[in-house]
Amino acid sequence: MNRKKPFIVTMLAAIMLVGLIAGCGNNSNNGGNKPANGNATNKPTENAATEAPPEANKKLVVGFAQIGAESGWRDAETDSVKATFSEDPNFELKFSDAQQKQENQIKAIRTFIAQKVDAIGLAPVVESGWETVLKEAKDANIPVFLLDRGITKGNEDLYVSFIGSDFILEGQNAAKWMIDEFGAGAQVNIVQLEGTVGASAANDRKKGFEDAIAGEAGYKIVYSQTGDFTRAKGKEVMEAYLKKDKNIQVVYAHNDDMALGAIQAIEEAGLKPGKDIKIIGVDGIKAAFEAIAEGKMNVTVECNPLLGPQLKQAILDYKAGTTLEKWIKSDEDVYFGQKAIDALPNRKY
Ligand code: GYE
């Protein structure tokens, strides 16, 4: 073993020397061109056309496996990721839209691995079923960052960090608003519109809410059904339920889009959303703030979709060798009443 060392050291030294000579050559070419042109600094475009930008070789390629475009929140997240990486010349983004299908996300990840990207961002549509493909990324030494939704516990070694919200807390905050509004001991029938079956955002928003009302005997979830995080399905589920039973005091929707769909169904059934039936949403999209200002919705529990900058920072930190937090948590608020109306002009998405 030891006898091989001098040979390796010699080889390394030789490689470094070749690299150094090549590097010196480039530098002297660049340096030589500028004074020769005499006006290099005045004509940046000419230089750009003839010389490759120095960053060209160093671009970090990021593959992002997005879920789809099911909600206003999702669109805002997509815009944030695309804008963050397109504005930075040191990055190149490969974007994939899985149209809500896990199998498409798995295919996208395999393509990113084959393309030898520098990092993978994944917004997992559901929590389970990622072990095999994430192990493949790990074996290929490609770091994976989970964005906005999580995966089944026990798989923490398969990703660097989860960047996103505390969905259990969001569910608790939704319940807290409701209990403050109606008071302890009130009789309240609730319809829960759940998000995509198996999604961490749906599982945890349900858990946080249900745990928080467990001690309140008068608060009853009379119906709980998935609306797949879309406005159309939120409306459909609500419409069907209202045909059977109108004795509901609250709709708790796991996102604003489903809440907005439910509002339409309630209006079409001749009831007043926001008054006859109180409406709770999650996300904090602009359309929810508008509905609150119109008095048709009551509260939105904020969930931050602008995660592009945090993803970029996490990748840079990882590449720099910094140890990252396992959960990079978003800071969020709850908006209702005048606070929502005041915040409306500044909502960007
Ligand atoms: O609340 C919902 C979306 O994963 C946090 O997904 C996200 C959720 C968001 O479609 O609107």
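Trainee: Leaving aside its neighbours within four places in sequence, which residues is Lys235 in contact with?
Mentor: With that exclusion, Lys235 is in contact with Gly261, Ala262, Gln264, Ala265 and Glu268. Contact here means heavy atoms within 4.5 Å.

Trainee: And where is Lys235 found?
Mentor: In helix H8. Helices (H or I, at least four residues) and strands (E, at least two) are DSSP runs, numbered from the N terminus. Lys235 and Ala265 are 30 residues apart along the chain, with their C-alpha atoms separated by 5.4 Å.

Trainee: Before I go on, what should I keep in mind about the model?
Mentor: This is a predicted model, where local features need pLDDT of at least 70, side-chain atom pairs count only at pLDDT 80 or more, and totals for chains, interfaces and linings use all residues. Residues are numbered from 1 along each chain as its sequence is written, and side-chain values use heavy atoms, with hydrogens and water left out.

Trainee: OK, ligand next. How many residues surround the ligand, and which are the closest?
Mentor: 13 residues surround the ligand, and the closest are Glu70, Asp148, Arg149, Arg205 and Asp283. For that, a residue is near a molecule or strand if one of its heavy atoms lies within 4 Å of it.

Trainee: What about polar contacts from side chains?
Mentor: From an N or O atom in the side chain of Glu70 to an oxygen atom of the ligand, the distance is 2.4 Å. For the side chain of Ser71, an N or O atom is 2.9 Å from a ligand oxygen, and for the side chain of Asn255 that distance is 2.8 Å. A polar contact is a pair of N or O atoms within 3.5 Å; within protein, one must be able to donate a hydrogen and the other to accept it, and residues adjacent in sequence count only if both atoms are side-chain atoms.

Trainee: How much of the ligand does the protein bury?
Mentor: The ligand exposes 300 Å² when taken alone, and the protein buries 100% of that. Accessible areas come from the Shrake-Rupley method with a 1.4 Å probe; for residues, only the protein chains shown count as cover.

Trainee: Which elements give two or more residues to the shell around the ligand?
Mentor: Those are helix H3 (72-86) and helix H7 (200-213).

Trainee: Back to Asn255. Where is its place, and is it buried or exposed?
Mentor: Asn255 is in the loop between strand S8 (250-253) and helix H9 (256-268). Asn255 counts as buried because its relative accessibility is 1%. The cut-offs are under 20% relative accessible area for buried and over 50% for exposed, with partly exposed in between (1.4 Å probe, protein chains only).

Trainee: What does Asn255 touch, neighbours within four places in sequence aside?
Mentor: Asn255 is then in contact with Ser71, Arg205, Phe229, Gly281, Val282 and Asp283. The side chain of Asn255 reaches the backbone oxygen of Phe229 at 3.0 Å. Asn255 and Phe229 are 26 residues apart in sequence, and 6.2 Å apart in space, C-alpha to C-alpha.

Trainee: And Tyr252, buried or exposed?
Mentor: Tyr252, whose place is in strand S8, counts as buried, at 0% relative accessibility. The side chain of Tyr252 reaches the backbone oxygen of Arg205 at 2.9 Å. Leaving aside neighbours within four places in sequence, the contacts of Tyr252 include Ile190, Phe209 and Val282.

Trainee: New topic: which phi does Asn141 have?
Mentor: A positive one, about 60°, although Asn141 is not a glycine. Most residues other than glycine have a negative phi. Asn141 lies in the loop between helix H5 (131-139) and strand S4 (144-147), and Asn141 is exposed, with a relative accessible area of 69%. Asp228 also isn't a glycine and has a positive phi of about 55°; Asp228 is found in the loop between strand S7 (219-226) and helix H8 (231-244).

Trainee: Last one: how many helices and strands are there in the protein chain?
Mentor: Twelve helices and twelve strands. Of its 349 residues, 46% count as buried.
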